[in-house]
Amino acid sequence: AETRNRLRLLQPWLEARVATGSTEPGTHNALGKIYITLNRDPKAFLTNNMFYEPKVLGPYCESLDPSLAFVAYKKGAGDCDDELIAISHTHGLYRDLARYLVERQDLELWAKVLNKEDTEDGKEDPQRRQLIDQIVEWALPESNSADEVSCTVKAFMAADLPGELIVLLERIILQGTDFSDNKNLQNLLILTAIRADTSKVASYIDQLDNFDAKDIALICVSESHMLYEEGFSIYVKFSKPEFTQDADEQTELQVLAVGVLVDFMKDLERAKGFASQVDQKPVWSKLAKAQLEEKFPADAIESFIHAEDPNEYVLVCAEANEAEIWSELIPFLKMARKTLQENLLDTELIYSYAKTNNLTDLEVFVNGPNVANIQTIGDRCFSEGLYHAAKTLFTNINNNSKLALCHIHLDEYREAVAAATKANNVSTWKHVCFACLRSEEFRLAATCGLEVIKY
């Protein structure tokens, strides 16, 4: 009957057989062809009938109505995927194909349509471009299924289409869908931009609020990407109370932020401004160590004082002495002594007082409780010509021999004789005697000479 174009004559008989419960594919195929030819709601038949063969009715529909062929092939549940893709490309049914791909959630099927080689002239396959546009603009935004979205994203990743993946994720996240706040998708959008389009990373960081900040920031500042500004921005953004409620975690993020400035960008001035802005002790401490490492001891001392961090006192003292900044060192040493009791701290404080000629504070300090090695620092001051300071120190420990020498250098000959009397040793008497002779203090020299004769 079909070959003679008389299939319609069998319509009553076929409908009767279907009404009696026939499930024979041939019967339903024939009835489907009649409905398609008569345009008797063929889409409903192709959609709802469970017994026809898609591989039979699909080709039959192609010449009459390609959209009906698509419905028939879609009914094949995967058996007619190649035919479905072919008719979509041939007749431009990209929106239907896009929706079908999203619903099927089949990575192998996705690979068939996405993994296409570029044309001979190096241009992108136009069919793939049209399909991707329909996926991004229509098919995926219409979906409310997390599984469908996840599978589509995986397919784009597997096809190594970072540019297209960025567009896809932007459509899902930035244009107000049910998945806008999805952490995994936000992570993926930023990571894909880091790899494929770094110009967009800063904008995403500013717009998105629900991504793994520490992990993303670490990737930004890694040697392979060197997106230091972006890494700094992440740490600063998420250190704010609206994103991180825990105060300790806020401080940790601020320390990481200043770490980007000092460790990677080497911008100590900007880091100082940031530390002043947040005014957190761990931040100041991080900055101070960097300043010390870069040979800015005065700035480092100021930062350590803000941080109330005395732990690097050995290195601070060494750098301050090398730079001869004893006035700046004194406040640091005073701060350090509040929590530490170390010989070096007290000794360096005495020396700093001596170098700055701060004799009043020096005398008050040595007469108070301290753990300084007074003899050592006294000898050091004496050897460097700091005789006033040395005099105070030797007086404190009753080292009259050295005290007498200090008086000599200060032209205090009468006091030198008094100190020699207390020391009462021939070497000291000789030194004082000869000094008095050189200065024509003959009466004092005679006194010393008489003491020398005794020996």
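**Exercise 1.** Decide whether R270 is buried, exposed or partly exposed, then find its salt-bridge partner.

*Solution.* Start with accessibility: R270 has a relative accessibility of 32%, so it counts as partly exposed (buried means under 20% relative accessible area, exposed over 50%, partly exposed in between, with a 1.4 Å probe and protein chains only). Next, look for the partner: R270 forms a salt bridge with E229, and their closest N and O atoms are 2.6 Å apart (a salt bridge is a side-chain nitrogen of Lys or Arg within 4 Å of a carboxyl oxygen of Asp or Glu). Then place the two residues: R270 sits in helix α17 and E229 in helix α15 (residues 228-238), so to speak distant parts of the chain, 41 residues apart. Helices here are DSSP runs of H or I with at least four residues, numbered from the N terminus. Finally, E229 is partly exposed too, at 34% relative accessibility.

Before going on, a word on the model: it is predicted, local features need pLDDT of at least 70, side-chain atom pairs count only at pLDDT 80 or more, and totals for chains, interfaces and linings use all residues. Residues are numbered from 1 along each chain as its sequence is written, and side-chain values use heavy atoms, leaving out hydrogens and water.

**Exercise 2.** Work out how helix α17 is oriented against helix α16.

*Solution.* First take the axes, which are lines fitted to C-alpha atoms over the stretch in contact, with angles from 0 to 180 degrees between N-to-C directions. The axes of α16 (residues 247-264) and α17 (residues 268-278) come within 8 Å and cross at roughly 165 degrees. That makes the two helices roughly antiparallel (the term applies to angles over 145 degrees).

Definitions and conventions: Parallel < 35°, antiparallel > 145°, perpendicular 65-115°, else oblique.
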